[in-house]
Each structure stands twice: as C-alpha cells, then as structure tokens.
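Hi,

Here is the structure I promised to pass on.

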Amino acid sequence: MRFLLLMFLFHVIVIQQCGAMLHPIDFLALQAIRKTLNDLPGSNFFSSWDFTSDPCSFAGVYCAGDKVIALNLGDPRAGSPGLTGRLNPAIGKLSALAEFTVVPGKVFGVLPESFSQLNNLRFLGVSRNFLSGRIPAGLGKLRRLQTLDLSFNQLTGNIPWAIGTLPALNNVILCHNHLSGSVPPFVSLRLTRLDIKHNALSGSLLPMSLPSSLQYLSMSSNQLTGPVDHLLTRLNRLNYLDLSINRFTGCIPGNLFRFPIANLQLQRNQFTGRIYPAGLVTIPVVDLSFNRFYGEISPLFSGVQILYMNNNRFMGQVPGIMVDRLLSANIHVLYLQHNFLTGIAINPAAEIPVRSSLCLQYNCMVLPVQTPCPLKAGKQKSRPTAQCGQWKG
C-alpha cells in the first residue's frame, strides 16, 4: 500500500509539471486493472503502461479532462495473442467510462458486478475469451448502454430480464455461451441486432417480446419452443433471420417472404402447415428443410437462388417455372428430396447447369433425371408405394 501511495504521489508531481492530472480514483483503478491482467506470449500491449508517466498516454486508455472515458484492453490488430488474467472489480470505479472492450484472448473468471456502477457506459464488449459465471443482473441499471457483446465465452445462467428493459440498446450479442432459461422481452425501439445463437435457451416467445426495429435476428441452436407466426409478422425490417435447430411449432406467415431478408434459415424445427407466400419470393437463400410443411410447393418460390425444401411433406408436382429457372442457372440449389412429390416436368435429356444442383431422391415418383445428391439423402431413389398412398397432405 505504501508503494502504491508513493507511486501516486510521484504521478501527481510528474503530471502537474505537464499541466494535467488524472483523477486519483481513476489512477488507482488503472493500477488495480493492470495488476490482474497480463500479456499473453507474443503480445506487448502493457509495455506502455508505466505509471511514472501520464496514464492517459497508455495504449488503450482515452481520457477527457481528468477522467478515463474509454478503455480498450489488448492489441486490436488481427492475430494478436490477446491478454490473460481476470477483470478487476476496480473497473467500476471509472465513473466516466463510456466504452470498455477486451480483445480476444484468454481472460477468465467472472464479469465483475461492479460494472453496474458505470452509469455512462454505452459499449461493453468482451468477446472470444473465457469468461464464466452469470451475466451480472446489475447491467440492467446501465440505461445508456447501446451495445452488449459477451459472445464466445463460457457464461452460464439466464439472460437477466432487466437487460431487456434497457431503452438505448442497439446490439445484443450473446451467442456461443452456455446460457439457459427463457429469452427476456426487449423493449428498446433502437434494437437492430439480437444474436443469441448456440446457447441452451428454452421456452416460447410472446408476440410482442421483440421490437419491430430488429434487422438481424439469430436464435439458432437453442431449445426454444412454441409458435412464432404472430411475432414474425411484426418484424418487417428483418434482413437476416435464423431460427434453425430449435423446436418452434406452428405455421409461417406468408408476409415473411416479402420482408427485405437476404438469408432465411428456418430448418430443423417442427414448423407445420401450408406455405402461401404473399408474392414472388426474391430472398436469395431460403432453408425450410427438416420441418413438417405440407401441401403443394408454391411457384412463387421460383425467385429464390438457393432453396432447401427437403425433408418435409410437400406433395404434388414441382412447379414448371422452377424447372425453367433451374435449367437457366437462375436457381443454383434446389433440394426437394425426402418429400411426397409425384412429378416434375423435365426432359430426361436435359442438362443441369454445372453451377446448379437438383436433388429429388425419396419422393413418390420415378426420377426422370439422375442428379448427384448429398450423402445424407441416402441411396434409395424413390419412396415405397405404400407410403405414398397413405399420405394426402
């Protein structure tokens, strides 16, 4: 303690000579932060952290007046090894801090509860490290927080419901953790990105639980259940939607296919019903595979470039316009295997363009053309006749 006091007094003398001085609380906080973090081999980020000089000149430290307003820990250049150690609770003493980030590395331990004291914090990003434990519920006090990125860590427990009440949130990125429990409602009308894929979240989503401001929504690889049709109808600004590998049920609203989505991933759920797009579907990539959709395939899907409809219960004829667009290389992938389709109007001598793929295996028809299919489609070319007779859609 005596050494720290002497260091601080020396800092006061040096900085006074330069005409500036960091607030004592911030100075001591930086010292404590440095004490529990170290460079990984190959990184020299902390080489400039010499407390006999002005801390506002340290790498990653940005000041306004006598206060630290941003702390970006670690070398941001690609390939930098990053840091190791723990995040010190003294971070909560930096009362003017608006931005806190840590580059990818091997920082471990919990996210300190003291973050809840940072009332001015707008950006919190500690991704691709080894943080564990729960997300502090106190983060729900940070009314100015705009971005929360704790992705690619080892966090457990639920997403605190208080976080969903934050009014200024733009981005919430919590993917690739071990989070469980239900998804809290989010009220921020500024929220454009919600990424919670690859966790163990469960439960259903209420129709009003997400704001219509969302443009990017990824919930893939969880254990979420229940219908989402009323929720999706409201999210008409989406340009990316991934609900794959969950247990969602119910139908898909036709107006979803009119949204400005570039990539639509609904595969491996328990969705059911007929699909009636509200107009020509021009989404480049649509994956509806491994669900329980049935009925005839709408010709309105002919505007899709990469279309996966395999492993459902579709029946009837493949629309002729789809065949035409496949043969003209406007459709690049058309996977229809493992359905109950009864025919496709294609000349057996037709040549599938090199850059296009068609798979028709295991349907209720004799294949008019032989095309390479993925190995998972199996070796059986057609469904047993008994199965085709009993399935009416």
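Below is what I found, going from the whole chain down to single residues.

First of all, please keep in mind that this is a predicted model.

**The chain as a whole**

The protein chain contains 6 helices and 27 strands. Its radius of gyration comes out at 27 Å, while the globule rule gives 21 Å for 393 residues, so the chain is more spread out than a compact globule.

How much of the chain is buried? Of the 393 residues, 52% count as buried. The protein chain exposes about 17,500 Å², with carbon and sulfur atoms supplying 56% of that area. As for contacts between residues at least 6 apart in sequence, 42% of them join residues at least 24 apart.

On charge, I get 32 positive and 16 negative side chains, and the centres of the two sets lie 8 Å apart.

**Around strand 3**

Strand 3 covers residues 67–73 and is mostly covered, with 6 of its 7 residues buried. What does it pair with? One partner is strand 2 (residues 61–64), which runs antiparallel to strand 3 over 4 bridges. If you want to find that pairing on screen, look for A64, whose bridge partner in strand 3 is K67. Strands 2 and 3 form a hairpin with 2 residues between them, and G65 in the turn has a positive phi of about 65 degrees.

Strand 3 also pairs with strand 5 (residues 99–102), this time in the parallel sense and over 4 bridges.

A90 sits in the loop between strand 4 (83–86) and strand 5. Is A90 buried or exposed? Its relative accessible area is 13%, and the cut-off for buried is under 20%, so A90 is buried. Leaving aside neighbours within four places in sequence, A90 is in contact with A29 and A32. G164 is 74 residues away from A90 along the chain, and the C-alpha atoms of the two are separated by 26 Å.

S114 belongs to the loop between strand 6 (106–109) and strand 7 (123–126). With a relative accessible area of 9%, S114 is buried as well. Not counting residues up to four places away in sequence, S114 touches P89 and G92.

**V228**

Next, have a look at V228, in the loop between strand 16 (223–227) and helix 4 (229–234). V228 is buried, with a relative accessible area of 1%. Which residues does V228 touch, not counting those up to four places away in sequence? They are L205, L243, F248, T249 and F271. C175 is 53 residues from V228 along the chain, and their C-alpha atoms are separated by 20 Å.

**Strands 22, 24 and 26**

Further along, strand 24 (residues 313–318) has two pairings to look at. With strand 22 (residues 292–296) it pairs in the parallel sense over 3 bridges, and Y294 has R313 of strand 24 as its bridge partner. Strand 24 also pairs with strand 26 (residues 340–344), again in the parallel sense, over 4 bridges. There, the bridge partner of M315 is F340 in strand 26.

H338 is in the loop between strand 25 (333–335) and strand 26. Its phi is positive, about 60 degrees, although H338 is not a glycine. At 18% relative accessibility, H338 falls under the 20% cut-off and so counts as buried.

Y362 lies in the loop between strand 27 (357–359) and helix 6 (385–390). Y362 also has a positive phi, near 60 degrees, and is a residue other than glycine. Y362 is buried too, with a relative accessible area of 13%.

Cheers

Terms used:
Residues are numbered from 1 along each chain as its sequence is written. This is a predicted model: local features need pLDDT of at least 70, side-chain atom pairs count only at pLDDT 80 or more; totals for chains, interfaces and linings use all residues. Side-chain values use heavy atoms; hydrogens and water are left out. The radius of gyration is taken over C-alpha atoms; the globule rule is 2.2 Å times the number of residues to the power 0.38. Buried means under 20% relative accessible area, exposed over 50%, partly exposed in between (1.4 Å probe, protein chains only). Contact means heavy atoms within 4.5 Å. Accessible areas come from the Shrake-Rupley method with a 1.4 Å probe; for residues, only the protein chains shown count as cover. Lys and Arg count as positive and Asp and Glu as negative; His and the chain ends are not counted. The place of a charge is taken as NZ of Lys, CZ of Arg, CG of Asp or CD of Glu. Two strands pair if DSSP finds at least two bridges between them.
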